[in-house]
Amino acid sequence: MKLPGLTKIFNRMKKLFRALVIIFALLVLIVIIKTATFSSMQLKPEAIELPAFPDASVEHLSEAITYPTISEAIDSPVDTAAFKGFHKFLMEAYPLIHRDLKKEVFSSFSLLYTWEGSDSRLKPVVLTAHLDVVPTGELSSWSEPPFSGKNDGTFIWGRGTLDDKSSMISIMEAVEKLLSENYKPERTIYLAFGHDEEIGGLKGAGVMAGELVKRNLDAEFVLDEGYAVTIGMVPMIKKPVALIGTSEKGYLSVSLSVEMEGGHSAFPARESAITLITGALNRIVSNQMKSGISEPVNDFIRYIGPEMPWYARAIFANKWLFKGLILKIYEGGNNSNALVRTTTAPTIIHAGIKDNVIPTRAEAVVNFRILPGETSGDVINHLERVIADDRISIRPLEDLKEPAPVSPIDAPGFDIIHKTIRQVYPEALVAPTMMLAASDSRKYLGISRNIYNFAPIIVTDEDLARTHGLNERTQIGHFIRGVGFYYQLIRNCNNQSAG
Ligand SMILES: [Zn+2]
C-alpha cells in the first residue's frame, strides 16, 4: 500500500537534503579556495652581508649603561650629572656624528640630531629612542650592579640594555659607521632622543615633536621602540616573529561616585553608597564592550595567518565564516583578549571610615584601554546603559587619550622596515600589530601619520620580565645585529624599492 502524502514528504526531504549537501560542498569549496589563495605577505629581498662593526660598539653600550639616567616622576628632579655625563660620553664616542650632523638640545637633556639629505624632494625619516631608564628596584636582587654595564663575554648587563639604550646606541653606531664610509643619505635623517619617555615624554619627545611641527616637517615615517623580534610569543608559529606596532589603544579612566544618606550600621537600609558602587562595578565587569577584529588585528592575521599550520590557516583565511571562533580564541588569554576589545579594569575604590558607620559617599575608578575604531564617547555611552542608575555619577578623568590612528601598512615606510627586518633577521617573519602599551611615538603624529614601533632587539618572555624588572641584560650578538638593522635601514631609505 502506498500513501501519496508520505511520498510527497519524502520527495521534499530528499530535495532539501540534496540542497543542504550542495550548500555544504560549496562552503567547503570556498574555504579550500580561500585557504589556498591566502598567500604569504613576507617580502623576499635580496640577501645582504653586513659589514663588521668595530669592537668599540660593544664597549660603547657598556659605557652608556654606566650613566644612571633615571627618570622617576614628572616633578622629581633628574640626575643632571648623569645626563650631562652621558651627553659628554656621546660626543667622545661619536666624533663623526658630532662633526657632520646638526645637534640641538631641548629641555636641557633631550637630543635632536639632523643628518641633512642630498635630495630635498624626498621626505625625511625620524628614528627615535630614549635616553632615560626606569629605577632599578631592589639593588640586592640584581646579580650584577644595574649601572655596571658589565660585559661577561655573552651578555651586557644593566638597566637600559633592553629598554632603550641598546636601540639608542645602535642608531649612533650605525650612523657613525656610515659616516666613516662617506655614506650620503638622500633623505634627511633625524635622530630624536627624548630624556623622559618613561614618565610620559612631555618635556622630551613632546617638545621636540612640537618644534618639528613648527618647522613644518612632513616625515615619511617615524620609527620608535615598542615591539621587537619575539621568540615563542606568537602561538602556533615556531619561527621568530618581528612585530611592528602600527597603532596604540586609547586611554580613559572614569570615576564612578555615589552620594547618599549614611547612618548607623545597626539598622541599615537595603542599599548604601557601597552596595550601589559595587553593584555598578559588577555590572560593568560582567557586561564589557563587545569584542571585534580591529584594523591592526586584521592586518596581523593577514601577515601571520598564511604562516600557520593548515588547519589554523583555514580558519584565519576564512574570517567571514570563522569570525566567532577567532574571537573566542583571542578572548581566551588576557593579552590576546586586550587585542580584540576595549578592556575594563577597576583600579581604585574608596568608601568608609569606620566599621560601624555606613558611609555617605563611595567612589571607584575604572580604567579602559580603547580599541582603535572606538572612542571614549562609545565607552561612556556603554557605561550609562549598563549601569542604568542616575544615582551614580559617571565622570571621565582628565588624562584621556583617544586611540591613535592606525598607521598604513601599504606605505613606503612600512615596506622599508619590513624589508630591512627580512634582510637582517632572515629567519624571522614580519607582522604588523597593535601596541598595548604607550611610547613616545604618538607625540610625532603632527609630523607623520606613518608611525611604526619596532626596536631591533630579540626577546623571549623571560627577557620581557627583565625589561623594567631585575637583571636586565642583552646578548652581545643581538646588540650587534641591532646596529646592523639601523645601518641597513638607513641604506634602504635611499633605495626604497621594497622588492
Ligand atoms: Zn622604552
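The model considered here is predicted.

**Helix packing around α15**

The axes of helix α5 (residues 165–180) and helix α15 (residues 476–494) cross at roughly 55° and come within 8 Å of each other. The two helices are therefore oblique to each other. In handedness, the crossing of α5 past α15 is right-handed. On the α5 side, the contact is formed by S166, S167, S170, I171, E173, A174, K177 and L178, which meet F479, G482, V483, Y486, Y487 and I490 of α15. Classified by type, the residues of this contact of α5 with α15 comprise eight nonpolar, four polar and two charged.

Helix α2 (residues 56–65) also packs against α15: the two axes come within 10 Å and cross at roughly 105°. That angle makes α2 roughly perpendicular to α15. From α2, the residues S57, V58 and L61 take part, and from α15 the residues I476, F479, I480 and V483. The contact of α2 with α15 consists of six nonpolar residues and one polar residue, with no charged residue.

| Helix pair | Axes come within | Crossing angle |
|---|---|---|
| α5 (residues 165–180) and α15 (residues 476–494) | 8 Å | roughly 55° |
| α2 (residues 56–65) and α15 | 10 Å | roughly 105° |

**Overall architecture**

The secondary structure of the protein chain amounts to 15 helices and 18 strands. Along the principal axes, the C-alpha trace spans about 100 × 75 × 45 Å. The chain has 499 residues, of which 40% count as buried. Among contacts between residues at least 6 apart in sequence, 81% join residues at least 24 apart.

According to the domain assignment, domain 1 covers 56–245 + 405–494 and domain 2 covers 247–396. The centres of domain 1 and domain 2, taken over C-alpha atoms, are separated by 33 Å. Where the domains meet, 16 residues of domain 1 are in contact with 18 residues of domain 2. The side of domain 1 that touches domain 2 has 13 nonpolar, two polar and one charged residues.

**Backbone features in loops**

Which residues are joined by a cis peptide bond with omega of about 5°? The bond in question links D163 and D164. D164 is placed in the loop between β4 (155–157) and α5.

Positive phi values in residues other than glycine also deserve mention. S108, which is not a glycine, has a positive phi near 70°. This residue, S108, belongs to the loop between β1 (102–106) and β2 (110–115). Is S108 buried or partly exposed? With 13 other C-beta atoms within 10 Å, S108 is partly exposed.

M236 likewise is not a glycine and has a positive phi of about 70°. The loop between β7 (229–230) and β8 (241–248) contains M236. M236 has 11 C-beta neighbours inside 10 Å and therefore counts as exposed.

Conventions:
Residues numbered from 1 in each chain as written. Predicted model: local features only at pLDDT ≥ 70, side-chain atom pairs only at ≥ 80, totals over all residues. Axes fitted to C-alpha atoms, helices over the stretch in contact; angles between N-to-C directions. Helix = DSSP H or I, 4+ residues; strand = E, 2+ residues; numbered from the N terminus. Parallel < 35°, antiparallel > 145°, perpendicular 65-115°, else oblique. Left-handed = near helix turned anticlockwise from the far one by under 90°. Contact = placed C-beta atoms within 7 Å. Nonpolar A, V, L, I, M, F, W, Y, C, P; charged D, E, K, R; others polar. Domains from an automatic or database assignment. Buried ≥ 20, exposed ≤ 12 C-beta atoms within 10 Å, placed from the backbone.
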